[in-house]
Structures are given as C-alpha cells and as structure tokens.
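This report describes the architecture, core and selected side-chain contacts of one protein model. The sequence and structure are shown first.

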Amino acid sequence: MLNKKLEILQKLDNGESASTEVEDVRNEGNTISHSAALQSVETLLDYMGQRGFDYGDITAVRKICVDIRQEMNKQQKQRRITDFFKAVNVKRKIPSLMLYSMQI
C-alpha cells in the first residue's frame, strides 16, 4: 500500500491524474474498486469468448462493463468538481449584493 501511495504522489508531482489509483487506495479493505471490478468483468469476457459462450450472455456481461464505466465516469466528474471548488476555495454562499443584482 505504501508503494501505491508513493506512485500516486509521483503522478501528482508530475501533473498527472491519479484518480483511479486514489480510488483503489481509498476503497482498499472495505469494497472492491470500480477499476478492479472492471478488470474482473473484462477477464470474464475473455474467458467467455474463448469458451464459446452464447452471444446473449456475452452481451449481458458487456452491459455490466458499460455500467461500471458510466459509474466510474460519474464519480470522477464529481471528484473533479469537488477538487475544483477546493482548489479555488469558492464559498458556496452567494454574496448578498449579488442577490440584489439578480433581481433586476
């Protein structure tokens, strides 16, 4: 886990995104991360393809991949928004002067 944290810090120092790795570390021990789930489902798809599973079954598993990716994207977008507000230290209240100017 220490190596993973160091890897995250190095990515951040280089200006790279490390959101997937952060999610893995955050979820370690309590739940499976989206990236780990996606990797497992993709491995299952490979297995199903090699074993000649029914097209309908493979399509159902592909749908699971799409659902996982959508959830990952949704959470990543939410993290970016949260990080943005933290970075610019924006207050969530509208100053009272702005309220008066909006009524015009």
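**Basis and confidence**

The model is predicted, so that local features need a pLDDT of at least 70 and side-chain atom pairs count only at pLDDT 80 or more, while totals for chains, interfaces and linings use all residues. Residues are numbered from 1 along each chain as its sequence is written, and side-chain values use heavy atoms, with hydrogens and water left out. The average pLDDT (the predictor's confidence in each residue, from 0 to 100) is 76 for the protein, and 65% of the residues score at least 70. Among the elements, helix α3 (residues 34-51) has the highest mean pLDDT, 90, and helix α5 (residues 96-102) the lowest, 52.

**Architecture and core**

The protein contains five helices and zero strands; these are DSSP runs numbered from the N terminus, with helices (H or I) of at least four residues and strands (E) of at least two. Of the 104 residues, 20% are buried, where buried means under 20% relative accessible area, exposed over 50% and partly exposed in between (1.4 Å probe, protein chains only). Contacts (heavy atoms within 4.5 Å) with a separation of 6 or more include 38% between residues 24 or more positions apart.

The largest nonpolar core comprises 10 residues: A37, L38, V41, L45, M48, I58, V61, C65, I68 and M72. Helices α3 and α4 (55-88) are the elements that give two or more residues to this core. Such a core is a set of buried Ala, Val, Leu, Ile, Met, Phe, Trp, Tyr and Cys residues joined through side-chain atoms within 4.5 Å. In soluble globular proteins, nonpolar side chains tend to be buried together.

Leaving out residues up to four places away in sequence, L45 touches I58, V61, R62 and C65. The C-alpha atoms of I68 and V41 are separated by 9.5 Å, and the two residues lie 27 apart along the chain.

**Individual residues**

| Residue | Relative accessible area | Class |
|---|---|---|
| I68 | 13% | buried |
| S35 | 18% | buried |
| F53 | 37% | partly exposed |
| Y47 | 42% | partly exposed |

Which residues form the aromatic pair? Y47 and F53 form a tilted pair, 6.1 Å centre to centre with 55° between the planes. Rings of Phe, Tyr and Trp (its six-membered ring) pair if their centres lie within 6.5 Å, and planes under 30 degrees apart count as stacked, over 60 as edge-to-face and the rest as tilted. F53 is placed in the loop between α3 and α4. Apart from neighbours within four places in sequence, F53 is in contact with Y47, M48 and I58.

S35 belongs to helix α3. Its side chain makes a polar contact of 3.2 Å with the side chain of S33. A polar contact is a pair of N or O atoms within 3.5 Å; within protein, one must be able to donate a hydrogen and the other to accept it, and residues adjacent in sequence count only if both atoms are side-chain atoms.
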